[in-house]
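Open the model in your viewer and keep the sequence panel beside it. The tour goes stop by stop.

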Amino acid sequence: MKLRRTVLSVPGHIQKMHDKALNSDADAVMLDLEDSVPFDSKTDARSRIIQSLLSRNWTEKTVLFRMNSLDTPFGYRDILEVIEAAGHVIDAVVIPKINAPDDVHFVSRMLDGIELSKRWNRRIGIEASIETATGLEHVSEIAASSSRIHTLVFGVADYSASIGARLISLSGHGEKESEIYPGHRWHFAMSRIVMAAKARNLQAIDAPYGNFRDPEGLTRSAAMACALGYDGKWVIHPDQINVVNLAFTPSKEDIDRAGRVLTAHKEAVSKGLGAVAVDGRMVDQASVRLAEQLWENATRLGLV
Ligand code: COA
Ligand code: MG
């Protein structure tokens, strides 16, 4: 699975931002045709995205493009035009406002047709954006609906609108939330999405934090997502990339601790023991699984 600690959303119609994104440290770049693009610029944005994808070298990035939802006049044509022209460079299509598996089936069948006609061997993935009440209700069926699905993404702003939640800030979750709700207002939705994702071995990606001049709030928001099992977070501004990359990168302390757990476990097994003590804490099979996951993640990032 490709890295997605940071997924930088880039408005499709602003081509200079495509280059900025390509040269950034974001793991993934999502060229957007949906909500960051004005209605009158949808067609122009498609051409600009195609042009950027074909004329630059994107091999270092996870490349995503977000189509318009299927209940708009743009969605089907976004897939047809962008995938036919540049699908060989795209890792996955992000489908916004997914409500049910039908939405995934429709996009997947269109991708089947294009891949067959182009004789491509690689399969383009799908990222399902869960941002409606109906989508959350069907999240497990959506996660299981196609082997093309790589990730589930939480879209907090549209989800808030969908359930009629009070608008407290423009930043998505994290900012000023504690003023109106004790605890974490999006805990249920976020955990529900992680559970559905991980049950299918998919990545879970958190919504962006809109206040791009608030690194402390962003750090808190990313740390909470990471603590809940998320693999990464969307960002909407280059200044957010380093903060979020760091939040989703295991620290040296975490890696060292995982190393001690794995070594102690190996020794315990060789002596026929089960649970053992490390740093005054009990370590058993469950702790070993956690340590192995962290080690695997650190290895993928070249840290061990
Ligand atoms: N991707 C790539 N480059 C970006 C960027 C993005 N998402 N957001 C800003 N930049 C670039 C700007 O072009 C500018 O480049 P320059 O210095 O070469 O001129 C630089 O980063 C600094 O930008 P800044 O002036 O601080 O921001 P802004 O006022 O131009 O834009 C936003 C602010 C929020 C409008 C802009 O960041 C944006 O459009 N973000 C994406 C929104 C989006 O995708 N929404 C949908 C997903 S939820
Ligand atoms: Mg949305």
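This is a predicted model: local features need pLDDT of at least 70, side-chain atom pairs count only at pLDDT 80 or more; totals for chains, interfaces and linings use all residues.

Residues are numbered from 1 along each chain as its sequence is written, chains are lettered from A and ligands numbered from 1 in the order in which they are written, and side-chain values use heavy atoms, without hydrogens and water.

**The metal site.** Select the magnesium ion (ligand 2). Glu131 (OE) and Asp158 (OD) coordinate the ion at 2.0 to 2.2 Å. Donors are N, O and S atoms within 2.8 Å of the metal (3.2 Å for Na, K and Ca); water is not among the atoms, so sites may look incomplete. Glu131 lies in the loop between strand E5 (125–130) and helix H5 (133–137), and Asp158 in helix H7 (residues 156–163), 27 residues apart. Helices (H or I, at least four residues) and strands (E, at least two) are DSSP runs, numbered from the N terminus. Glu131 is buried at 4% relative accessible area; Asp158 is partly exposed at 24%. Buried means under 20%, exposed over 50%, partly exposed in between (1.4 Å probe, protein chains only).

**The helix pair.** Select H11 (residues 252–270) and H12 (residues 285–300). Their axes are 9 Å apart, at an angle of about 130 degrees. Axes are lines fitted to C-alpha atoms, for helices over the stretch in contact, and angles run from 0 to 180 degrees between N-to-C directions.

**The loop residue.** Select Glu179, in the loop between H7 and helix H8 (187–199). Glu179 is exposed, at 60%.
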